[in-house]
Amino acid sequence: MENQKVQKTQCDVKTDLNLLLECLKYQMDCPMSQKEALITIYSICQQNSEASEYLREIGGLMFINDLAKSSIHCIVKEAALFTLGNIIESNVYCQQTLCTPALFEDLISFLMNKDSGVNLKRMSVYVILVLVSNNKNGQTYVRETGCIGLLLQLFRTALSISEINLSDENINQCYQLWSSVCSTLCACVNNPQNEDNQKICCSIFSYAKEWLESCIEPEIVRPICSFVGLTVANNSYVQKYFASVRGLDTLAKVLTRLLHDSCESHSSTKLAVVVTKTLDACIANDSNMGVVLAKYHTVSELLKLLPNDTLDTGEKISVILTIGHCTEVCEENQYELLKNNGLPLMIQVLTESQDEELNKAATFVLQNCKQMTEQLSLKINENSLNVNSAEELKADTQRREKTLQDYWKKAKEILHRINSIEKEQDDEERVQRKIFVGRSSEVSTETSKYHAMNTNDAPNQMGRIYGVHDPQLICKSNDWIFFSSANSLPLRSEILKTVNSVNTSAGHGKQDNVPCSAELQADSVLQSHSINKKTTCGKKQLHFFFFFLLLNLDQHSSYAEITKEKKGILSTSSSPRTADLRCLGCTAQGQSFNSKTFSKMLQTCPYLCDCHKVILEAEKRYKKELRKLRFCNSSSYAAYEKILLTPVNKGRLHRDTSTFQRRKENFQSKGP
């Protein structure tokens, strides 16, 4: 029964559409009849997709399109465009049929015609709106035909900023046209998103900003916020451009003004939510731009808006998401959130609400709170440390200044002490020089005694060569061992007392490591001699060559002769004439020499210092004396036996004597 009624209704609709179409065709001379017929068709097809589809099938859609272009009556044109828009909006197939560049060009001609009234332009904009809504092809055609440029021009000129009085009929019509243009531009850039159209539409952001600065009435703020929000949505380039023209600053100011008025007007609260959504769209893809909102304390304003009882769940979600995007990376906004008790408020929303989307939005803000709490705590610690560091730095500077004064005072005292010590050392050096000269005279006396000896008394001569202060000499396996006699102790002790430090271990035996007294005395003499700072051959060089002569001239050089020549060195080494000369012997430290190679090196030197000249002359005299001893071997052995002060067995004495004889013969064979 019901199906029959439905079928009967559909049949009646089809019949009515056929009759109305015939009326349009045969009432060309009666514009009022055509207008009434068009309005009737609109009422039948409104929200009735089947009726719109049937009208398209019988050709009524194209007839109405042609009527809108060909009629000379404005009321017919307006009614025809209005009916077309309604049919296109109710049926997608009708939209696809009429979405052609030709129709957009016809609509452009209506908008550009000076004779076209405001209503005709408004109907033309309405048709453009339904053609591009949810239609990518329509968005492309509106751009390619230049229709979008004409819409932008209407946005600038359709309504005057200085004359906003909607109670006036003419101004109200202009406002309706301007509002339709805003809606059409929104459809051109969104659903689906069209980035090319978004970039084109951003050229009127400066005009939109001027509108918002001059008027915060809902009739102006809502269309502009819708247009701006959809134009910047998911487009970083357009968002940055909007921020560059200070659009974010303007929105923040408008929000502040609306929230101040919200206590007295409920509409201001709702309008503040609209502005909040627009702000969220402007920073959603780049939260760094939320820094701009920090100087206007936008987060604190949003926290005041959130507890308002007039907000529904969707509006609260928009406010919380905006807070989340503002505090995502901006430290100033994060601080605003904590300072205005935003964290407890988010927890309250999360615990009291049962809406899943609202809970997700609150969770998003709480996650930001977790991160920013850690960062802010670290920053607070750093700030406190900086303050403490500044105070500590000031105190430390004062302490340093005081300590520096103490250092200067101590430095002066130390300098005074150093001067005193140097003066005392100079006095000691003068005393030590006098003692050294006295000891040198004693050594010279012993040397003169040596020259007074009988040259044929070879054994006694050998004993005095190797024991300057009556030491006992024992020769064993090519090593020389010295034992200081009791008679030499007083003299050595006296020398040790006059010298500051004596190197008692300067020379050791090659195998037994027993120190020799001759080396001790030589070291003592050299230590005393080192006090003289202007000596040409320094302490280290003189010490080295003096010991080298004692230890390496095959242990046969005459110590008495060297001592005698040494005295000459000490007396002449301070001469300015030779102080600047350094021979090969002086510059050959650290190299390996023996008695033969060292003597040859000294002989090849074109000039010699006084020290090495005396050493070379002493070696020559020694070799000369040694030649005289070649024919007195037997007497030498007897003399050697007499000077032994320690008992030895007979067999050992013969072995040592033969070893001594063998070493002496080897040395004689090497001599010149």
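The secondary structure of the protein consists of 32 helices and two strands, where helices (H or I, at least four residues) and strands (E, at least two) are DSSP runs numbered from the N terminus. The model is a predicted one, in which local features need pLDDT of at least 70 and side-chain atom pairs count only at pLDDT 80 or more, while totals for chains, interfaces and linings use all residues. Residues are numbered from 1 along each chain as its sequence is written, and side-chain values use heavy atoms, with hydrogens and water left out.

Of the 672 residues of the protein, 45% count as buried, a term that stands for under 20% relative accessible area, with exposed meaning over 50% and partly exposed in between (1.4 Å probe, protein chains only). The accessible surface comes to about 35900 Å², and 51% of this area belongs to carbon and sulfur atoms, as computed by the Shrake-Rupley method with a 1.4 Å probe. Among contacts with a separation of 6 or more, 72% are between residues 24 or more positions apart, a contact being heavy atoms within 4.5 Å.

Helix H17 (residues 266-283) has 18 residues, which at 1.5 Å a residue should span 26 Å, and this agrees with the 27 Å between its end C-alpha atoms; the expected span is 1.5 Å times one less than the number of residues. Of the 18 residues of H17, 15 are buried.

Aromatic side chains form ten pairs in the structure, where rings of Phe, Tyr and Trp (its six-membered ring) pair if their centres lie within 6.5 Å, and planes under 30 degrees apart count as stacked, over 60 as edge-to-face and the rest as tilted. The rings of Phe205 and Phe242 have centres 5.1 Å apart and planes at 80°, so this pair is edge-to-face. Because Phe205 lies in helix H13 (residues 205-214) and Phe242 in helix H15 (residues 236-244), the pair ties together parts that are 37 residues apart in sequence.

The charged end of Lys25 is placed over the ring of Phe63, 5.8 Å from its centre, and Lys199 lies over the face of Tyr237 at 5.4 Å from the ring centre.

The structure holds zero disulfides, a disulfide being a pair of cysteine sulfur atoms within 2.5 Å. Cys282 is buried, with a relative accessible area of 1%, and its sulfur is 8.9 Å from the closest cysteine sulfur, in Cys225, too far for a bond.

Key. Lys NZ or Arg CZ within 6 Å of the ring centre and 35° of its normal.
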